[in-house]
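Let's go through a few of the labels used for this structure and see what backs each one up.

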Amino acid sequence: MAEQSQYEELARQFSAFGAVKRDLQRSLPHDCPAGSAAVLMLLGRYGEMRMSRLAELLAVDMSVTSRHVAHVADRGWIDRSPDPADKRSRILSLTDQGLKQIELLSERSTELLAYRLSDWSDDEVGQLIAMMSRLRDSFGDCRYTPGLVQALPDATEETTRTPA
């Protein structure tokens, strides 16, 4: 197990990592904010799904998910069709335009990362990928774990997590 000072430095680095996320978000097209991009990327990764599953994957409230879904649907990037198993629910799926938007998002983020990490070796980028994947696995799906926050030293309030 690492020393306490290493965890403290890691927490500082995570706080500073917000600047990296903001830079990546600035690379997004003006009509596709981060929440919309997340919706598209999740549908691209997992395929069609109900809105409740999308909210779960986004780790946000259903009302927030609804706003993101409305935004991408208004632009023609997704379809919302009735769920044959439950007519009150909708199945979300990507359209051809949505697939093209995902390609654009991927191109932009890839170009930015290639530019920012141009002085990194292939091995260093590979190590970063491996470590970030391992870190993500350690956190699981980041859903609220009852009792976890209260079990941590000096924790007094519950927080809501959103994925990166």
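Q: What does the secondary structure of the chain come to?
A: In this predicted model, you get 8 helices and 3 strands. Reading from the N terminus, the order is α-α-α-β-α-α-β-β-α-α-α.

Q: Why is serine 81 called partly exposed?
A: Its relative accessible area is 32%. Buried would need a value under 20% and exposed one over 50%, with partly exposed in between, so serine 81 goes down as partly exposed. For the chain as a whole, 26% of the 164 residues count as buried.

Q: Where is serine 81, and what does it touch?
A: Serine 81 lies in strand β2, residues 78–83. Leaving out residues up to four places away in sequence, serine 81 touches Ser89, Arg90 and Ile91. Serine 81 and isoleucine 91 are 10 residues apart in sequence, and their C-alpha atoms are 5.2 Å apart in space.

Q: What makes α1 roughly parallel to α2?
A: Helix α1 (residues 4–16) and helix α2 (residues 18–26) pack at an angle of about 25°, and their axes are 4 Å apart. Angles under 35 degrees count as roughly parallel, so α1 is roughly parallel to α2.

Q: Which residues meet where α1 packs against α2?
A: Phe14, Ser15 and Ala16 from α1 meet Gly18, Ala19 and Val20 from α2. The residues of this contact split into 4 nonpolar, 2 polar and no charged. Gly is among those counted as polar.

Terms used. Residues numbered from 1 in each chain as written. Predicted model: local features only at pLDDT ≥ 70, side-chain atom pairs only at ≥ 80, totals over all residues. Heavy atoms only, no water. Helix = DSSP H or I, 4+ residues; strand = E, 2+ residues; numbered from the N terminus. Buried < 20%, exposed > 50% of the residue type's maximum accessible area, 1.4 Å probe, protein only. Contact = heavy atoms within 4.5 Å. Axes fitted to C-alpha atoms, helices over the stretch in contact; angles between N-to-C directions. Parallel < 35°, antiparallel > 145°, perpendicular 65-115°, else oblique.
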